[in-house]
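Q: Can we go through this model together? I'd like to start with the helices.

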Amino acid sequence: MDQLLAMRAFARVVEAGGFTRAADSLDMPIATVSKLVRELEAHLGVSLLQRTTRRVTVTPEGQDYHAKCTRILRDLEDIDASFNLARGRPRGHLRIDVGGSTARDVLIPLLPDFVARYPDIRIDLGVSDRPVDLIGDNVDCVIRGGPLESSSLVSRRVGEAVMITCATPGYLKHYGTPAYPDELKNGHRLVSYVSSQTGRATPFRFERGDEKTEIKVEHRIGVNESNAHLAACVAGLGIVQTFAYATASALRDGSLVEILKAWRPAPYPFHVVYPQNRHVTHRLRVFIDWVVEVFPGRLNEGKFPTKTASSYARPRTRHAGRTG
């Protein structure tokens, strides 16, 4: 028995919550992972896992052994990392998860710089707007926007994204350019971003000075992926509220126009997040430090107002009591 490999297989089964996900993350056949765990149990003379057709449960002995073998595995990784650090060359495998538009417009354009700095780090990049289970899916860190909900995660703020409201020139010629957020309730077609986790549409939010308003109307189209959400707007299907960095090229070439600039919503915070009970390897640390260094500038794209959309406006009646 390769005891070290068996310990790694057992630890991954516990963290992933089952043999299938553990085998996938280790790039091993399920039968191999199962055999390694059985051999480890035989070697120790105890049952580490209770297996049924539906689930895998860790025994009390298994919980104790997992805590101890995890410390050993971390110590071994530290030893390896210390020699790599002495040579100034962090190395190994990083698994990173990031949302669709953030991957396309922020991380991937910046990534050549990281690869040039750390050529011995291999990256697997998962791209999805769906939340991932960092422990179960064996992901080292995720980059996400919005409020943080889980207290079991450690985070570092990496900047704020400018949010804008926009539509195509063709849409604005047909439906008119709203001068106030409330006008979105009157005949406008909204393309909402729908949470892949909850299925709820994100409301359109607006701020002007101390004044805040939120528009919740039935959307014509809902999309749960950020790149597709923006594509629906570019196709002329309606008005969207999205990240300025994702719209930068479309705004420059005129295929999209920003509207309601005086009512831009609050900046959207972004964080890099990782599990608090996972050892932070040298390769993960340099990646997090790099993200904190380079992300703010890219996220802030669109901070300053673009050209007005007044040329696309069709005359509309102003709401009583609203000025400016």
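Q: Where does H5 bend, and by how much?
A: This is a predicted model, in which local features need pLDDT of at least 70, side-chain atom pairs count only at pLDDT 80 or more, and totals for chains, interfaces and linings use all residues. H5 bends at Leu107, by about 45 degrees. The bend is the angle between axes fitted to the seven residues ending there and the seven starting there. A proline, Pro109, follows within four residues.

Q: What residues does H5 cover, and what does the helix span?
A: H5 takes in residues 100–117, 18 residues in total. From its first C-alpha to its last it reaches 24 Å, close to the 26 Å expected at 1.5 Å a residue. The expected span is 1.5 Å times one less than the number of residues. Helices (H or I, at least four residues) and strands (E, at least two) are DSSP runs, numbered from the N terminus.

Q: And numbering, atoms?
A: Residues are numbered from 1 along each chain as its sequence is written, and side-chain values use heavy atoms, with hydrogens and water left out.

Q: Which H5 residues are buried?
A: Among them are Gly100, Asp105, Leu107, Leu111 and Phe114. Buried means under 20% relative accessible area, exposed over 50%, partly exposed in between (1.4 Å probe, protein chains only).

Q: What does Phe114 pair with?
A: Trp290, in a tilted aromatic pair. The centres are 5.2 Å apart, with 55 degrees between the planes. Rings of Phe, Tyr and Trp (its six-membered ring) pair if their centres lie within 6.5 Å; planes under 30 degrees apart count as stacked, over 60 as edge-to-face and the rest as tilted.

Q: Why does Phe114 count as buried? And Trp290?
A: Phe114 counts as buried because its relative accessibility is 1%. Trp290 is buried too, with a relative accessible area of 1%.

Q: Which cluster are they in?
A: One aromatic cluster holds Phe114, Tyr118, Phe287 and Trp290. By the pairing rule, the count comes to 11 aromatic pairs.

Q: New topic: how do H1 and H2 pack?
A: Helix H1 (residues 3–16) and helix H2 (residues 19–26) pack at about 125 degrees, with their axes 8 Å apart. That makes H1 oblique to H2. Angles under 35 degrees count as roughly parallel, over 145 as roughly antiparallel, 65 to 115 as roughly perpendicular and the rest as oblique. Axes are lines fitted to C-alpha atoms, for helices over the stretch in contact, and angles run from 0 to 180 degrees between N-to-C directions.

Q: What about Arg8: where is it, and how far from His66?
A: Arg8 is in helix H1. Arg8 and His66 are 9.7 Å apart, C-alpha to C-alpha, and 58 residues apart in sequence. Arg8 is partly exposed, at 40% relative accessible area.

Q: Backbone next. What is phi at Asp27?
A: Near 60 degrees, a positive value in a residue other than glycine. Asp27 lies in the loop between H2 and helix H3 (30–44). Asp27 is exposed, with a relative accessible area of 72%.

Q: And Leu260: what is its phi, and is it buried or exposed?
A: Leu260 has a positive phi of about 55 degrees, although it is not a glycine. Leu260 lies in the loop between strand S13 (257–259) and S14. At 8% relative accessibility, Leu260 counts as buried.
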